[in-house]
Amino acid sequence: MKSASGSPHWNWVWLGVVFCIGVLGVYAFEMSSAYVGSCILAIAVIGVVVVLGRVDSRNSRLNRQLEERNRALLQERFLIETLMDHTPDHIYFKDRESCFLRINRAMANIFKLTDPAQAVGKTDADFFLPEHARQALADEQEIVRTGKPLVGREEKETWPDGSVTWVSTTKQSLRNEQGEIIGTFGISRDITARKEAEEALAQKTRELLRSNKELEEFAYVASHDLQEPLRMIAGYTQLLARRYQGRLDAEADEFIKYAVDGATRLQVLINDLLAYSRVGTQGKPFTATDCSQVLNRVLDNLKIALDESGAVVRHSQLPSVMADATQLTQLFQNLISNAIKFRNQQPPEIHIAAERRTDDAAPQTTPTGEVWHFCVRDNGIGIDPQYFKRIFVIFQRLHGRDEYPGTGIGLAICKKIVERHGGRIWVESVSGNGTSFHFTIPSGARS
Amino acid sequence: MNDREIEILLIEDNPGDARLTTEALKEAKVRNKLTHIADGIEGLAFLRQQGKYAGAQRPDLILLDLNLPRKDGREVLAEIKADDRLKRIPVVILTTSQAEEDILKAYNLNANCYVSKPVDLDQFIKVVRTIKDFWLTIVKLPAE
């Protein structure tokens, strides 16, 4: 609190008054009586003491204020020093010419300086390779010129010893009290570990793409180069059979039969393998696909098998989904022809249903977890639960070749198709009592 | 009944396949005179009666493999179909490739027929017989 009479100005007024009283006292002493003079002088002395007392109390108040301000400043300084000394981020201040005004401890450490003060007056060129220093200088000059900050830029730092680090850096203009730009300051965070992880991931992706490409090439080799010699074996053993049947002995005929059999089976396997690898390599982009149309096409394709087995196919209302229509057709066709193939004594009854729901066990590729859940249910021979996983593995069969023909590719292809669409497939069954195949297709992209 | 000997040009690089085709024609009882040429450039020279093929008979049917050395079957097919004197000769693509893009490309180049070589000889004989019946008996081609 500051009262008008407490100001230094008023102290001088009081001092003037006391002086006048003093002069009056001396005058009274000489001109009048010593008693009156002494009294007036005594009053003057008291006045001096009072004024001096006022001055003193004012000084100590000022001192207290100064101390408080100093303490606050020290506290500020302490906080800033703590930040500067202990943050792992690199902090610097530079002048308009991009010479360091100040850097923090972490930055001094990467500069291999024992004291941050050693950086003062130096530039990036003293620490980094010229290429990096030039780029940093250009960026800072741009900030000095325009005042526009550079936020969160990822920079590669190459050091004289050849090592490379990555930082995410933010640089801004440094302004004085008048708002004039007097330099720049910035904070950089070391993101080398993250960048290395990203690079490792990109490397893995490249390797994956390469191995996928190799698989694609393998598919071509399987389709052409392997079939060519295979056809030679089959063709010429059959020619032997046609020309020399009965002209050699019975054993020779049997050997030829097995040779032809083997070659024929091998070709089926190769074709199946090719079909399997093509799910991934020859897939088409997903388009809005009406599942009822797909089902109609499948029933058309399977007409003979359906008629021969007396199968009855029913279905609930089927949705439109984002899918590769050809592969969706193949998926339904494989599941329905399985239902016909693995039928019981009675004619197959096949029911296809779909409902929209949230799939908690959905793979990560499903953003919302919202899926169309399809179910293809039959009244066939069923599957023992111990085989629930095995049936989806390529070339795994549960029955003898004479009982049920096939290579064991169908469900493996189904699994690959469903997974390519970001869904999953599983089976529920009681041995001898029908099978339900379930699969999901993400409904994220509603059409 | 057309009992004339049919002139067939087989352009096929694999001798085993060529022989099998010859034998299949024999088994299918197709009266034919088959000329086998193993690469695309020679095949075109034969068709154009160039060089040593100056006296060559123009074939009634061409059986063409897709995977050929020097000039592959797709290029040979394109040249045949671009040549006014050759474009009416029926060309049957006979190959192991079941790749959809190969089939499509062959039809785009006006192949008359595309046949995947079956692994089974009986089937192959059936295929050869069908080709012969269809292209040389059923289909009425314009006279030269």
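At what angle do the axes of helix α7 of chain A and helix α11 of chain A cross?

## A pair of helices in chain A

Two packed helices are described by the angle between their axes and the distance between the axes. Here, α7 (residues 250-281) and α11 (residues 410-420) of chain A have axes that come within 10 Å and cross at roughly 0 degrees. The axes are lines fitted to C-alpha atoms over the stretch in contact, with angles running from 0 to 180 degrees between N-to-C directions. The two helices are therefore roughly parallel to each other (angles under 35 degrees).

Who touches whom? On the α7(A) side we find A:A275, A:Y276, A:V279 and A:G280, and on the α11(A) side A:A412, A:I413, A:K416, A:I417 and A:R420. Contact asks for C-beta atoms, placed from the backbone, within 7 Å.

## About this model

This is a predicted model, where local features need pLDDT of at least 70 and side-chain atom pairs pLDDT 80 or more, while totals for chains, interfaces and linings use all residues. Residues are numbered from 1 along each chain as its sequence is written, with chains lettered from A and ligands numbered from 1 in the order written.

## Inside helix α7

Among the buried residues of α7(A) are A:V260, A:D272 and A:V279 (buried: 20 or more other C-beta atoms within 10 Å of the residue's own, again placed from the backbone).

## Chain B

Chain B has five helices and five strands, which are DSSP runs: H or I of at least four residues for helices, E of at least two for strands. Along the sequence, chain B reads β-α-β-α-β-α-β-α-β-α. Of the 144 residues in chain B, 35% are buried.

Terms used:
Parallel < 35°, antiparallel > 145°, perpendicular 65-115°, else oblique. Contact = placed C-beta atoms within 7 Å. Buried ≥ 20, exposed ≤ 12 C-beta atoms within 10 Å, placed from the backbone.
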